[in-house]
Amino acid sequence: MSCILELKHVSKFFGGLAANSDVSFEVQREMILGLIGPNGAGKTTLFNCMTGYYPPSKGEVNLKGVRINGLQPNAVCRLGMVRTWQKVRPLAKMSVLDNVMVGALARTNSLRVARQVAFEQLKIVRMEAKADLLAGGLPIGERKKLEVARVLATKPELLLLDEVMGGLNPTESEEIIQLILELKKLGLTQIVIEHDMKAIMRLSDRIVVLNSGEKLAEGSPQEVANNPDVVAAYLGEAADA
Amino acid sequence: MTVFLQSTLSGILVGGVYALIGVGLTMIFGVMRVINFAHGDLLMVGMYLTWGLFTWLGLDPYVSLLITAPAMVVFGALLQKVFINRVLNALPQNQILLTIGLGLIMSNGMMLVFTSDYRILTTSYSSSSFMLGGISVSQPLLYSFLVTVLITVALFLFLQRTDTGQAIRATAQDREAAQLMGINVTRMSVLAFGLGTALAGTAGALLAPTYYIFPQVGGPFTLKAFVVVVLGGMGSVVGATLGGVLIGLTESLAAVYVASGLKELVVYVAFLLVLLFKPSGLLGKSRM
Amino acid sequence: MGDRSGALLPRARAPRGFSLASLVALVALVLVVALIPQVIKKPLILHMWIMVFLAVAQGAAWNLIGGYAGQYSVGHAAYFGMGAYTTMLLLEQHQIAPWFGLGLSVLNAVLLSTIIGSITFRLRGPYFVLASIAVAEILRLGALHFKDYTRGAEGILLSGIPPLETPWFAIRFVGKVPFYYASLLLAGGVVLANWIVQRTKLGYYFQAIREDQDAAHSLGINLTLHKNVALALSAAFTAATGALFALYVRFIDPNIVLGIDVSVQAVLICIIGGIGTIPGPVVGSIVLVLLSETLRNPKWLAQLGIVGYDSAPVAFIEAHFSNAHMLIYGILVVLVIEYAPDGILGLSRTAWNRWRRARRPEAPSQPSAA
């Protein structure tokens, strides 16, 4: 089936605060879905609910037709959905290669096979020369690429990228954009959270806009860009470059 | 019934001292996020200081507090500046090990100097008690409790009403923001550790007339201090005060109704239960 | 507690871990050390070696959960004491030979670790440390109080170990030599276990959990399972060490085998030597045991031929410092944490790197741009 992910009326409450409120949308295979919204709109919270970091308070998350509410993150990973983190989380005292191998070990018990898979992913992000360096010593751009390589090693079907371009210079950002497009060609489905509007417009097949925890709008990039509610929600937010 | 009232009362009185220890520990944690495993040993130092002033200068423990407390402030400030400050950004596990090490140095250093012989400090009122309607109240315990109340109120007023006190609270709430507002957070850390040390030392001084004094006496108090602090919520002064009294009560009642040898065990079991079910403390005020 | 992943570590090559060559070296070392009792017969020297081996076993066992999986238990005395008491009680109360007692000790420890794990692993950071201490204290206080089961503060005195009958001869546990080989075997076994863990998927997963638990979780790692496996392995080896220790020193009580000193020592050995490494516990054990045993039994220096039995240094140490080993531990740990948090191994690695860089004519490594 072509619908890989379905969110139905997902809400998440923290005490009295509704971080997500009645969010529903579908993601088709090999699509790039842009997830945007002002700061605090609930985008990362949604990723957390989807991947099992915590369960949604209400609603359903269906991955490949299977309800995954309340599954632990490691089970969600095995089912094919992984995420990167807004604040990068390298396994600092381990080497770059070992970091990616940890991801690869989700699919194999053999260190030899994991090492091969890891090298392949490092080639994709063009970091194979840094394989033996300590992950904790890398600059931010390389940490982000490392994190992408690491989740790719788990052989996902659906990849959630949380502000993977945050803190990168234009060259690094362009590299990531090319990487995302390449991954799409390889058959991966992706949901991308970004503040960089130009990048989102270029990358996304479809965009979902969140505001204050609710879904404000959904549609093609053109539709969303011309939506007056979306424009209003961003008024006061610095127009991003 | 008398037994129940009796143990409840002595539990509350002892609990006051536990509160003092707990408040000191929670202040240190609140301001510096450091878990001070040497806290009980600071109490031990206070005990020995009090004993020394009593044995060689004949000073009554409640009077010598005027010397002990400031001395402990200075001692704590020194510890902070020399040892703790350097590891404020280290892994929490390493901080814990550092304070464990400091505690080992203190307790074993004392053992080298004073040997592990039990010392006692007997004042004229050490074994006297008042009679309150059929219940006997130990005099030194009552005095200690009163002093504790005084100190707690004074501390509370200090934290709420004075500039320095508010600066300490600001640092505890948000270190970076406090720094941006011009507060010297390093000085606040030194002060907090000094105050925390003084509170522990004072607790030791207050316990000196009724407890055996020996180098290893600090250990159980450290663990109990943590129980108090977790119960009240890490970083909450009010919570530590209430937690202290609660732990004193629990221990006292357990000694009577379970078994005297098991009273500490009961406290630790209660601790585990709190950690499992309400880690943010009974009042939910934890800063963790 | 602050975003420590933001701090940049030196832009260095990651240590490659112990290779096969190192394993061969390890085995060779063990064989060489095994020959020592054939040459040296002085009991105090053999005693030192036995204490070193027991410490290596204790430290390397803790290393599995503390160094690799990153869960700093400061309550490992629970397993040490469980091992000691199980073996001693079975031997003294029920005349069950210690080699069977050892098996039961390990089993008990694994069971205990599952219970403790289920309670404590939900807790993070300092809460976990506190809980581990509380559990060990509960066991110690329980052992003191429930005299009918454990003989309380009176302790258990070993009356004798039955000979181990093999098809060729009987091994009598008299004197130091049998314990030398037993403890060497145990130490070798635990270090080997460290080596195996490090080079398998388990090791990778343990270290991922140590570095960033949430990231590890999202990469497909079952946290509960792996933490419990690490703890079970650690507890099993710790209990075996406790049992062997009990048989060797012949007397135990709750404070000796369930006291916090035991827990602290296990951690110190790894911290001082180099946490999360294979040689770390070995180095740490040698340093700690040399220091503490010299303070406890300065006469062993005389057996080495360094000083006379009645010389001034020996007398001085005996008179003043015989119980100062915990003080030395405290000083060591403060020094290590303040100045060398990666232990002696970390210091030597930094020195090695610096020496290598100085010898190469290439440009020095640039500081990484953030």
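Q: In chain C, what percentage of the contacts with a separation of 6 or more comes from residues 24 or more positions apart?
A: This is a predicted model in which local features need pLDDT of at least 70 and side-chain atom pairs count only at pLDDT 80 or more, while totals for chains, interfaces and linings use all residues. Residues are numbered from 1 along each chain as its sequence is written, and chains are lettered from A and ligands numbered from 1 in the order in which they are written. Two residues are in contact if their C-beta atoms, placed from the backbone, lie within 7 Å. For chain C, the share of residues 24 or more positions apart in the contacts with a separation of 6 or more is 76%.

Q: How much of chain C counts as buried?
A: Chain C has 17 helices and four strands; helices (H or I, at least four residues) and strands (E, at least two) are DSSP runs, numbered from the N terminus. A residue is buried if 20 or more other C-beta atoms lie within 10 Å of its own, exposed if 12 or fewer, and partly exposed in between, with C-beta atoms placed from the backbone. Of the 370 residues of chain C, the buried part is 48%.

Q: Is G59(C) buried or exposed?
A: G59(C) lies in helix α2 (residues 43–68) of chain C. Leaving out residues up to four places away in sequence, G59(C) touches A266(C), I269(C), C270(C), P281(C), G284(C) and S285(C). Because G59(C) has 34 C-beta neighbours inside 10 Å, this residue counts as buried.

Q: How far apart are the C-alpha atoms of G59(C) and N194(C)?
A: Along the chain, G59(C) and N194(C) are 135 residues apart. The separation of their C-alpha atoms is 11 Å.

Q: At what angle do the axes of α13(C) and α17(C) cross?
A: Two packed helices are described by the angle between their axes and the distance between the axes. Axes are lines fitted to C-alpha atoms, for helices over the stretch in contact, and angles run from 0 to 180 degrees between N-to-C directions. The axes of α13 (residues 279–296) and α17 (residues 343–359) of chain C come within 8 Å. They cross at roughly 110°.

Q: How is α13(C) oriented relative to α17(C)?
A: Angles under 35 degrees count as roughly parallel, over 145 as roughly antiparallel, 65 to 115 as roughly perpendicular and the rest as oblique. The crossing is at roughly 110°. Therefore α13(C) stands to α17(C) as roughly perpendicular.

Q: Which residues of α17(C) make the contact with α13(C)?
A: The residues of this contact divide into four nonpolar, three polar and no charged, where Ala, Val, Leu, Ile, Met, Phe, Trp, Tyr, Cys and Pro count as nonpolar, Asp, Glu, Lys and Arg as charged, and the others, Gly among them, as polar. From α13(C) come P279(C), G280(C), V283(C) and G284(C). From α17(C) come G343(C), I344(C) and L345(C).

Q: Is I116(C) buried or exposed?
A: I116(C) lies in helix α4 (residues 98–120) of chain C and touches A78(C) and V135(C), not counting residues up to four places away in sequence. Its C-alpha atom is separated by 9.3 Å from that of N228(C), 112 residues apart along the chain. With 23 other C-beta atoms within 10 Å, I116(C) is buried.

Q: Which element gives the largest share of the side of chain B that touches chain C?
A: In this interface, 36 residues of chain B are in contact with 34 residues of chain C. At least two residues each on the chain B side come from α4 (92–114), α9 (218–232) and α11 (263–277). By class, that side has 26 nonpolar, seven polar and three charged residues. The largest share, 15 residues, comes from α4(B).

Q: How many charged residues are on the side of chain A that touches chain C?
A: Here 35 residues of chain A are in contact with 28 residues of chain C. The elements giving two or more residues to the chain A side are α2 (73–79), β6 (81–83), α3 (96–104) and α5 (140–152). Besides 19 nonpolar and eight polar residues, the count of charged residues on this side is eight.

Q: In β10(A), which residue is the bridge partner of V208(A)?
A: β9 (residues 206–211) and β10 (residues 214–219) of chain A pair in the antiparallel sense over five bridges; two strands pair if DSSP finds at least two bridges between them. I207(A) stands opposite G219(A). The partner of V208(A) is E218(A).
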